[in-house]
Amino acid sequence: MDRRPKILVVGSLVMDLIVSTGRFPQSGETVLGLDYHTASGGKGANQAVQAARLGADVTMVGRVGEDDFGRSMVKSVGDAGVNTSRILRTPDACSAIGNVQLEVQGGRTANRIIVVSGANMKITPQDVAFLEEEIARYDMVILQYEIPMQIDEIVAAYAHAKGVPVMLNTAPSAPTSGELLANVTYISPNEHEAEDLTGIAVRSAEDAKRAADALLARGVGNVLITRGSEGAVLKNDREFIVSPCVRCEDVKDPTAAGDSFVGAFCVAVCLGAPHEEALQFANCTAHITVSRLGAQPSLPTLSEVVALMREKGFDAGRYEALC
């Protein structure tokens, strides 16, 4: 491809309210926190920002409230280079917020997140009706589950009808219709979401292979299961790839790691990378993300990812032209 890939993200914007502590509280217990800050996030917005920072031409469709959080989130996404003209304001709902708790113990950080969906659940079929014709302009569509499932189904059907590949990030976990799966090119659950979708506990690469086979049997083209520090696996009718993670010795915040991985993988695929290379590119991107605090503030630029790929001995030639 001799141009920037064009990627459409239909999804969520969430303002993360982030508290770190040395220990998660038990039920009914109060503990003292270590730090607090806010950061623009949301799975859709994170994936859009990551793809844009990696050189893609990204448009986002979504909704925010008519409040300070909404204005701040739209600015954050726009500052990353994302086209925000299709992000609408909602007068009858607040912008979504995410209560992010980080437990910091030594060099390990765990997180717990509660999302209040607000305006994200106000996206209507009318908001996306323009895509029935315009979706053919894009090289890839990225969807997630922090918006109404009906919207994902409609957009995936539009894309499928025009031959545009769809990446469905099945987070947070939710029941998924056969109609949606039949229109999906890539599905990217983590281990827990894969188990929810298939009933197969994913504790090893072999378990992931079995879960992937179950999803392939339901009509999905490619299954990409992320496994945290164990890396990721990808399976389709021709390939089974186990891609180890790029180890990070000082994990600061894993909040946006999955979004970073998905955004990077989609950019690489749109640039024509084979799946094994796309997984390497995504793993390097996620490595940088977890080494930093916050969702969108942690997402790396293409030059940073290319530098890490060179350091790790990976071929970065495909991406250098976009730097």
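Predicted model: local features only at pLDDT ≥ 70, side-chain atom pairs only at ≥ 80, totals over all residues.
Residues are numbered from 1 along each chain as its sequence is written, and side-chain values use heavy atoms, with hydrogens and water left out.

**Entry: the sheet**

I looked up how β4 connects to its neighbours. Strand β5 (residues 83-90) runs parallel to β4, and 6 bridges join the two. On to strand β1 (residues 6-10): that one is also parallel to β4, with 5 bridges. V9 stands opposite M60 in β4. For my own reference, helices (H or I, at least four residues) and strands (E, at least two) are DSSP runs, numbered from the N terminus, and two strands pair if DSSP finds at least two bridges between them.

Is β4 (residues 57-65) enclosed or open to the outside? I found 8 of its 9 residues buried, so the strand is largely enclosed by the rest of the structure. Buried here means under 20% relative accessible area, with exposed over 50% and partly exposed in between (1.4 Å probe, protein chains only).

Then I wrote down the whole sheet. It is open, has 9 strands with mixed pairing, and reads β5-β4-β1-β8-β9-β10-β11-β12-β13. Which strands stand at the edges? They are β5 and β13 (240-243), each with a single partner strand, so one side of each has no neighbour in the sheet. At the β13 end, strand β12 (residues 232-235) runs antiparallel to β13 through 4 bridges, and A232 stands opposite S243.

Helices on the sheet came next. Helix α5 (residues 149-161) packs there, touching β1, β8 (140-143) and β9 (166-168), and its direction makes about 170 degrees with that of β8. Helix α10 (residues 275-290) touches β10 (186-187), β11 (222-226), β12 and β13, at about 25 degrees to the direction of β13. Axes are lines fitted to C-alpha atoms, for helices over the stretch in contact, and angles run from 0 to 180 degrees between N-to-C directions.

**Entry: two helix pairs**

I followed α10 to helix α11 (residues 302-311): their axes are 9 Å apart and the angle is about 110 degrees. That makes α10 roughly perpendicular to α11 (under 35 degrees is roughly parallel, over 145 roughly antiparallel, 65 to 115 roughly perpendicular, the rest oblique). I listed who meets whom: F281, C284, T285, H287 and I288 in α10 with L302, E304, V305, L308 and M309 in α11. Contact means heavy atoms within 4.5 Å.

The other pair was helix α1 (residues 43-53) with helix α9 (residues 257-270), at about 45 degrees and with axes 8 Å apart. That makes α1 oblique to α9. Among the residues that meet are K43 and Q47 in α1, and D259 and V267 in α9.

**Entry: two single spots**

I checked S20 in strand β2 (residues 14-21). S20 is buried, at a relative accessible area of 11%. Leaving aside neighbours within four places in sequence, S20 contacts G33, L34, D35, L102 and V104.

Last, I looked at P172, in the loop between β9 and α6 (178-182). The peptide bond from A171 to P172 is cis, with omega near -10 degrees. Most peptide bonds are trans.
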